[in-house]
Amino acid sequence: MNWNMSLAPAPAGSVADSSGFDDTERERYFTFLENAGLWRRGEKRVTGHIINNFLAKYPIDPSRPFGVYDVGAGDGTVLSFSLREIIKRLRPFGIPLRIVIKEFSGEDVLVVAKKLAAIINYYPLTTGTISNLSFAKAHAVDFSVKDGSNAKPIIHETFRLESGNVETQLAALQPFAKSHWGSILNSKKQKVPEKAVAINLFHQDMEAELAGVIPQLGVSSTMYHDVVIISQGYAAGAKLSTKVNAVGPSVKSLVPGGLAFVTHWFGDDDGDVLLSKIAPQFHSGRHSAQQVYDAVASNLAGIDRSTIEYVARLLPNYRFRMPAEEITAQTVADAKETFLYAGQVGKIYEAAANEAGSLAAIAEFLRVNRGATFRNEMAVYRRRLEHV
Ligand SMILES: C[S@@+](CC[C@H](N)C(=O)[O-])C[C@H]1O[C@@H](n2cnc3c(N)ncnc32)[C@H](O)[C@@H]1O
């Protein structure tokens, strides 16, 4: 079967490729979120649960693949929690699932690739692509072009999976990611990809079935997605223009009727209390989901309120319950890094004097409160049907 990937002309324009996140505290953030408290109510599961609820009622078009684009997928936890309902609905019709991921970090690529392989095992009509291409190009994984401001040629690799041990099959990904998925500092001292890289993953037995769905090397493609996931895709303290750069081009790649889930740390919660113990002078410069949407709908050519509507806003809470005996020095240090990372207050923190004092204050807070409660804000956008 030859599935047509093109529904509309490619969105024009290129934007600066930064989310306000840099790489240094990323691993501590994931460690903290993964290990702290009751995972069942953890942030990533809650985000996935909400997306599942929306997708349970999403009108599927059986004449084309179902497209999902995850922007800054991290370790892929949100993605893998988000697809249960939709796979249940695609399976009876044999509709291919096409997952496109933009991820900056070589370490996260290794983890997210394993999650993708598990999804492919569970639903073999899935094809996955991971790239570090710019926001303007990543959604389409346009292998035919060079990427980046200095037009780097795109390095690519295909991983054909068999059933069985995924670790062994993805062993080759490690040296590949190590040599190609690195970052350098640009002239503005921002971390940017050193090379433009993309990989395809699919089950080897499905290659023929997925013809026309798998992004082809050397072929110019424009892919449009049913679902865009941007989960903690930009830091709370990032500039509004940075947030718009992450959301705008991604939202442009929705099919008519397609949904985007844009989730960020809302604050006004224990996370803010903890941050105040680390850097009392901190002010996050947060923007509400409505402000981000308003900026997306007014700043970017080709997107406005007649194209993309803001259909829902949720404020999910998630609680880490931590019995006192589970709060180790490592948990406390990871908690500190997590909020510095999410709040982007690294520079302010460097200027703050008392590290030992702030760690003791965090430990005390976590003990007294037996954990902490955090709040996200999630906006759901929909591309209007009359706009192709
Ligand atoms: C805070 S983590 C969130 C990960 C995941 N979406 C989640 O909710 O768990 C942000 C992720 O975005 C990635 N990232 C940051 N800037 C990026 C960019 N410009 N392009 C692609 N990925 C980026 C980081 O490497 C990191 O994995």
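Author: Let's start where H9 and H11 touch: Leu240, Lys243, Val244, Val247, Gly248 and Val251 in H9 meet Gln291, Val292, Ala295, Val296 and Asn299 in H11. Contact here means that C-beta atoms, placed from the backbone, lie within 7 Å. Helices are DSSP runs of H or I with at least four residues, strands are E runs of at least two, and both are numbered from the N terminus. This is a predicted model, so local features need pLDDT of at least 70, side-chain atom pairs count only at pLDDT 80 or more, and totals for chains, interfaces and linings use all residues. Residues are numbered from 1 along each chain as its sequence is written.

The axes of H9 and H11 come within 9 Å and cross at roughly 65 degrees (they are lines fitted to C-alpha atoms over the stretch in contact, with angles from 0 to 180 degrees between N-to-C directions). That makes the two helices roughly perpendicular, a label for 65 to 115 degrees.

Now for H11 itself, residues 289-299: its buried residues are Ala289, Val292, Tyr293, Val296 and Ala297. They cover an arc of only 125 degrees around the axis, so they sit on the same side of H11; the arc is taken from the directions from the helix axis to the C-beta atoms. Gln290 and Ser298, on the other side, are exposed. Buried means 20 or more other C-beta atoms within 10 Å of a residue's own, exposed means 12 or fewer, and partly exposed is in between. The cover over the buried residues of H11 includes helix H9 (240-251) and strands E9 (254-265), E10 (308-314) and E12 (371-383).

Methods
Contact = placed C-beta atoms within 7 Å. Parallel < 35°, antiparallel > 145°, perpendicular 65-115°, else oblique.
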